[in-house]
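Reader: I'd like to know how the labels in this kind of description get handed out. Could you walk me through them?

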Amino acid sequence: MKRQVAANRIITSDNTEIKLGVVELDDTIVTRVYSLQGEQPFTEWIGGTITIKTTDGVMHAYKDNKMI
């Protein structure tokens with residue numbers, strides 16, 4: 001299932017910080033991360049901080065230490 005989630009802050013796997021960012025997911029796999037530019041249709045706002053971690057070359061997103 002494809003999904004877009006937005007948060008106040010996103011920390012990428014290389015420790016880059018994106019303020020007001022969007023993470024695009026395909027099931028639990030991160031396919032794209034970018035800065036929020038205006039209102040995005042069909043984007044779920046979850047607030048707080050999303051952390052992106054890479055394991056075996058696959059990126060996953062976490063909120064409060066739980067995989068999104």
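**Labels and their cut-offs**

Author: Leaving aside residues up to four places away in sequence, Thr 12 touches Ile 18, Val 33 and Ile 52, where contact means heavy atoms within 4.5 Å. This is a predicted model, so local features need pLDDT of at least 70 and side-chain atom pairs pLDDT 80 or more, while totals for chains, interfaces and linings use all residues. Residues are numbered from 1 along each chain as its sequence is written, and side-chain values use heavy atoms, without hydrogens and water.

Reader: Why is Thr 12 called buried?

Author: Its relative accessible area is 15%, and buried means under 20% (exposed is over 50%, partly exposed in between; 1.4 Å probe, protein chains only). So Thr 12 qualifies as buried. Thr 12 sits in the loop between β1 (2–11) and β2 (17–26); strands are DSSP E runs of at least two residues, numbered from the N terminus.

Reader: And what makes Glu 24 count as buried?

Author: Glu 24 comes out at 18% relative accessibility, so it gets the buried label too. Glu 24 belongs to strand β2.

Reader: What does the side chain of Glu 24 make a polar contact with?

Author: The side chain of Tyr 34, at 3.3 Å. That passes, because a polar contact is a pair of N or O atoms within 3.5 Å (within protein, one able to donate a hydrogen and the other to accept it; residues adjacent in sequence count only if both atoms are side-chain atoms). The side chains of Thr 12 and Asp 14 also make one, at 2.4 Å.

Reader: What lies over the face of Tyr 34?

Author: Arg 32, at 4.1 Å from the ring centre. Over a ring means that NZ of Lys or CZ of Arg is within 6 Å of the ring centre and within 35 degrees of the ring normal. Lys 53 does likewise with Tyr 62, at 4.9 Å.

Reader: How many bridges join β5 to strand β6?

Author: Five, and the strands run antiparallel. Strands pair if DSSP finds at least two bridges between them, so β5 and β6 count as paired. On the β1 side, three parallel bridges reach β5, where Ile 11 has Thr 51 as its bridge partner.

Reader: Which residues make up the largest nonpolar core?

Author: Eleven residues, including Ile 10, Ile 18, Ile 50 and Ile 52.

Terms used. Helices (H or I, at least four residues) and strands (E, at least two) are DSSP runs, numbered from the N terminus. A nonpolar core is a set of buried Ala, Val, Leu, Ile, Met, Phe, Trp, Tyr and Cys residues joined through side-chain atoms within 4.5 Å.
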